[in-house]
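User: I have just opened this one and would like a walk through it. Can we take it step by step?
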Number of protein chains: 4
Amino acid sequence: MIGIAVIGAGRIGRIHARNLQQHSAADLRYIIDVSAKAARQLAADCATEVGDIDSVLADPLIQALVIASPTTTHAGLIAAAAAAGKAIFCEKPLDLDLAGARQSLAVVAQHQVPLCLGFNRRHDPSFERLKQEIASDSAGRVEVVSIVSRDPAPPPPDYIEASGGLFRDMMIHDFDMARWLLGEEPIEVFAIGSVLIDPAIGAAGDLDTAIAVLKTASGRICQITNSRRCSYGYDQRIEVFGSGGMVRAANQRETQVETANRDGFGRDPLLPFFLQRYAASYRIQMDKFLRALGGEAIDLPGGIDGLRALQIADAAQRSTEERVPMAL
Amino acid sequence: MIGIAVIGAGRIGRIHARNLQQHSAADLRYIIDVSAKAARQLAADCATEVGDIDSVLADPLIQALVIASPTTTHAGLIAAAAAAGKAIFCEKPLDLDLAGARQSLAVVAQHQVPLCLGFNRRHDPSFERLKQEIASDSAGRVEVVSIVSRDPAPPPPDYIEASGGLFRDMMIHDFDMARWLLGEEPIEVFAIGSVLIDPAIGAAGDLDTAIAVLKTASGRICQITNSRRCSYGYDQRIEVFGSGGMVRAANQRETQVETANRDGFGRDPLLPFFLQRYAASYRIQMDKFLRALGGEAIDLPGGIDGLRALQIADAAQRSTEERVPMAL
Amino acid sequence: MIGIAVIGAGRIGRIHARNLQQHSAADLRYIIDVSAKAARQLAADCATEVGDIDSVLADPLIQALVIASPTTTHAGLIAAAAAAGKAIFCEKPLDLDLAGARQSLAVVAQHQVPLCLGFNRRHDPSFERLKQEIASDSAGRVEVVSIVSRDPAPPPPDYIEASGGLFRDMMIHDFDMARWLLGEEPIEVFAIGSVLIDPAIGAAGDLDTAIAVLKTASGRICQITNSRRCSYGYDQRIEVFGSGGMVRAANQRETQVETANRDGFGRDPLLPFFLQRYAASYRIQMDKFLRALGGEAIDLPGGIDGLRALQIADAAQRSTEERVPMAL
Amino acid sequence: MIGIAVIGAGRIGRIHARNLQQHSAADLRYIIDVSAKAARQLAADCATEVGDIDSVLADPLIQALVIASPTTTHAGLIAAAAAAGKAIFCEKPLDLDLAGARQSLAVVAQHQVPLCLGFNRRHDPSFERLKQEIASDSAGRVEVVSIVSRDPAPPPPDYIEASGGLFRDMMIHDFDMARWLLGEEPIEVFAIGSVLIDPAIGAAGDLDTAIAVLKTASGRICQITNSRRCSYGYDQRIEVFGSGGMVRAANQRETQVETANRDGFGRDPLLPFFLQRYAASYRIQMDKFLRALGGEAIDLPGGIDGLRALQIADAAQRSTEERVPMAL
């Protein structure tokens, strides 16, 4: 059993805590949150206790920290956890600031603790299968990766303001998928965006609709389209085109039911949001993290993956501001 | 150029006449119909002339007759055409009466003229492909054939009364497909039916909803479902299950457009009816008939196929009346 | 917490035991099996203990029994459990013999204990949705229900011999679905079958391929096709056609990945078998059973449903032997 | 009957000639080609005669010219035809040079003859339906248009060299679709490309893989992906995302047949190329041109559409060279 504390009792913290509670290899000992109420409630739900960060860092029974607190706290917590010799699972993004991210990774490197970044989509069964198909040459040499990622509805204005913007907050997942699927590092990014959904998002200095185009040294291309609102649900699709063919992962559905009548054929909207769409990926991700801590050789996204995705997001942001492609 | 006359200027006669008019090997010389007005109009549309049956039978420039007049006239016209040495294309069914059908086929045999039955669905590109897949062993040994065939709306009551009933009028197409795809003659049929759509159909002594189950000597099975009304269009599907797999032909669509909104995903209803769904099959059928007359070795459904389908339809009808399976 | 014992540590018993172990309202206290080894192993897996039937029936902490032992033991265990005042969950079929089934239900009625039959497919999210769509009139008045159910591979010969035959063992699920979806009791069944897959199945007196047609008093029809072997996976589809439209549940897939290359487009075979396809339905079924025991008003299939499905299976079997439709 | 001459007996000229031959309103009088042999053969196929450009321009029986000769001849022929008072149908692109294109359009304007540009995809039933859905607000306000267009195999090197490059030769169709579907003029284009398929294409100074991103004044975005080789057929898809939903046109298939076996489910590759995929659009396009000449008010792409698409193609080409977005 691996002793674990979860920091952050929000939406994501709850997912992790519940997956840990049901995992036979995890001993979920503490929930930590600045809101005592939120911490108490999640601790009760998971039959565990409320903790505080200092005690947890000092607790020899705690081997790993799961960081699901607000982004601004990530870098500091990573450094503190690393200094205390704890294994770390941290939600994306690493930080909103590259320098801060690099500093925390330096501490991780110094103390040589495991660090897994929460790029959960890599563990989605459909996307993992996509990756396997590429590896087994189903599409030949990869040429063009196309990613569609649309949220059902924009987050509230205060979230937007603290989010670091669409590229660091939302498209960062797609940048990670792009790197993972292209099989080569992007060396250039061009991005454009618009405020088409809600002027309040523009007033907060952000975009709600954006397209990014990445290019690798050998000329492989990735195009990403993001929207902060999608009337028909949470739209998550990836297509990989190559010299020998194409592999794609379509959207998932809750049921396989179709109706037909004089107006035509109908199916339900897509799954509501990431909690439903990526439920399996969160579970599998935590299982892999625990198995890696248990000694299994498992390939997990780490600090460098968090850093690279953040670099691309920064460059994409600047690309929209300076209206030129940015070298990476 | 093959000199041809079309008998019958109704819905099906018009399809044949237009396909003949556009075919480079056909010389469509006459349209014949008991309604002088209908004949004149179709002849005008096809830039040809109105004829009468006696002159046409006597005309040495006419090599083939296309019979698309009411079913009750088929047997007589086949016999007359055969006696006159004309090649014959005849719409299904051969006759409503097995004895009449047999007599006319005897005349055909005596004069050794070509006779092609209008089982147009055999020429539908999707169904033809299904047949090829079976032949190339894609499904292994055929075990179960499932046919769904639903008309958009019931025909008018007077049509029902003269139609010979659902099995001879509508399911006869499916009986032919069953024979064609099973690869063995059915030796038994069981059928049940209901009046669920319109009591007037029941009052006319017919059914509007029916299921038939056929079995061959080696135990292969075919299930057919027919309805006289289908709210979402003309539903035409076939699935062939076998020892090695399955092959199926789904419905065709007018466009490939799909919409999505907060209510879900939507596609159009199916094609309206057979004129749209089987337009290609009618064209290909006539082309094959002409090429066969031109000397090419082409496998076309003939008199025996018309007879067998009619036998099965008769037996299915009796099965619903006597409520037992009927040997064939 | 509801104290429960699971009888039977085979394939299905294991599913139930694990679902009970993870359910917060269940206290899984004992596993019972004639094989001590099987009982020990499952008890260890589920962190519970091995029990014996007499002690369990006498144990006041046990409120419910889950019967997943061989079919021949069902009726006896139901009667014993009912006499001991225990709530009962029993796998299908109730018994291979109608008289035995009726006797055990009489004991249940006498002691007024809850009895839930394991018709798990009613709880499958897609089929439950199908049922809701019918209830909300998406298809109008139900006219024709079509059920396709194909197992990936036949069971071993000794299973076949003890199974009661395809209709009681396999199609019984579909008979229950037919009753559930038709919205009316069938009053007649006709069935035919063949031995097309394995002569050993025929030698054991059973069929491996079968079609059944059911009819209700108002003329609604259900067609069911079963095969004991399906090369492309576990094929489970239902389509409900009605006066206003059609609702259907297609097969489920493990991922949404599709590949394309010069040979065409490809998708994986279907899920391997019922453990994968109906995993959710087993979990939901047990949850509903527990919630019903906890006092919630939940509609669950009961003894009468087990009896009716068995009656239809018996009649279908006789129909294939006497080659006539059987009244129900 | 409208007297018409077709200039160019190549691949596209043949399509137009055959569609004209079968159209009841067209009197196809001449085929013109620099290759006497090609002209003779197509004239024979279409039961018409070989002509020469001077006589045709002088022939009062010729009301319209269909220009399907090499791109370099378009501008000159348009000007000559306009000066002779003939209606003009011209294949895309208008010219490889904007100045030349503008000059020829000036002559058209001066003589006020009808000019229809061969952007045939606007007449494809699926894309036309897409446009109608947008017009009827199915997707709400348009936000992001995504176009996938992949040719099955690259053209020969000498074609590449004379083609004007991928943007003017291939993506020009997609630029027209973008303008047509965005509902606003693009004001900026960014494009990147690679040589991933054949180094000979790079040696000829062209790209074989390219992505373009367009933006309109109100912030609407269009992304286009082109590849000169696609292993699984001719890939042609469009998706329009908006404030209220999404509308998309998927690829068309030759048949609706699907196979399944132990390796999974399979469908054919896509249609081979544009002759098959856009057969209907070419036929409908010519019918609309003829009906417009006959006096019907029909909205057809004209000179300005040809010019705008060419401007975007030019800017996209420069964008790849200067590696910055280009204003339009």
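Analyst: Before we count anything, contact here means heavy atoms within 4.5 Å. Please also keep in mind that this is a predicted model.

User: Fine. With that in mind, how many residues does the contact take from chain D and from chain A?
Analyst: The contact takes 39 residues from chain D and 40 residues from chain A. The two chains bury about 3300 Å² between them, and carbon and sulfur atoms give 55% of that area. On the side of chain D, the three residues that supply more than any other three are L196(D), Q223(D) and F241(D), which give 17% of the area that chain D buries against chain A.

User: Why give an area at all?
Analyst: The size of an interface is often given as the accessible area lost when the parts come together.

User: OK, and how many salt bridges does the rule find between chain D and chain A?
Analyst: The rule finds eight salt bridges across that interface. One of them joins the side chains of E188(A) and R323(D), with an N to O distance of 2.2 Å. There are also 18 residue pairs in polar contact between chain D and chain A, counting pairs in which both residues have pLDDT 80 or more. As for where chain D touches chain A, β7 (142-150), β8 (186-194), β9 (209-216), β10 (221-227), β11 (235-242) and β12 (245-249) of chain D each supply at least two residues to that side.

User: R323(D) came up there. Where is it in the chain, and what is its phi?
Analyst: R323(D) lies in the loop between α13 (303-322) and β15 (326-327) of chain D. Its phi is near 55°, which is a positive value in a residue other than glycine. As background, most residues other than glycine have a negative phi, and most peptide bonds are trans.

User: What about A47(D), is it buried or exposed?
Analyst: A47(D) counts as exposed because its relative accessibility is 68%, and the cut-off for exposed is over 50%. A47(D) is in the loop between α2 (36-45) and β3 (49-50) of chain D, and although A47(D) is not a glycine, its phi is positive at about 55°.

User: Which surface do the copies meet through?
Analyst: They meet through the same surface, because 100% of the interface residues of chain D are also interface residues in chain A.

User: Let's go inside a chain. How many residues of strand β7 of chain A are buried?
Analyst: Nine of the nine residues of β7(A), residues 142-150, are buried, so the strand is largely enclosed by the rest of the structure.

User: And which strands does β7(A) pair with?
Analyst: One is β11(A), residues 235-242, which runs antiparallel to β7(A) and is joined to it by eight bridges; in that pairing V144(A) stands opposite F241(A). Another is β10(A), residues 221-227, which pairs with β7(A) in the parallel sense over seven bridges, and there V148(A) stands opposite T225(A).

User: New topic: what is in contact between chain B and chain D?
Analyst: In this interface 25 residues of chain B are in contact with 25 residues of chain D. About 1900 Å² is buried between them, with 48% of it on carbon and sulfur atoms. In chain B the residues that lose the most area to chain D are R248(B), Q256(B) and V257(B), together 28% of what that side buries.

User: How many salt bridges does the rule find there?
Analyst: Across the interface of chain B and chain D the rule finds four salt bridges. One of these is between R248(D) and E258(B), whose closest N and O atoms are 2.9 Å apart. On the side of chain B that touches chain D, α6 (125-135), β12 (245-249) and β13 (257-261) of chain B each supply at least two residues.

User: Last one: which peptide bond is cis in chain A, and where?
Analyst: The bond from K92(A) to P93(A) is cis, with omega near -10°, and P93(A) sits in the loop between β5 (87-90) and α5 (98-111) of chain A. In chain C, the bond from K92(C) to P93(C) is also cis, with omega near -10°.

Technical notes:
Residues are numbered from 1 along each chain as its sequence is written. Chains are lettered from A and ligands numbered from 1 in the order in which they are written. This is a predicted model: local features need pLDDT of at least 70, side-chain atom pairs count only at pLDDT 80 or more; totals for chains, interfaces and linings use all residues. Side-chain values use heavy atoms; hydrogens and water are left out. Buried means under 20% relative accessible area, exposed over 50%, partly exposed in between (1.4 Å probe, protein chains only). Helices (H or I, at least four residues) and strands (E, at least two) are DSSP runs, numbered from the N terminus. Two strands pair if DSSP finds at least two bridges between them. Buried area is the accessible area (1.4 Å probe) that two parts lose on being put together, summed over both. A polar contact is a pair of N or O atoms within 3.5 Å; within protein, one must be able to donate a hydrogen and the other to accept it, and residues adjacent in sequence count only if both atoms are side-chain atoms.
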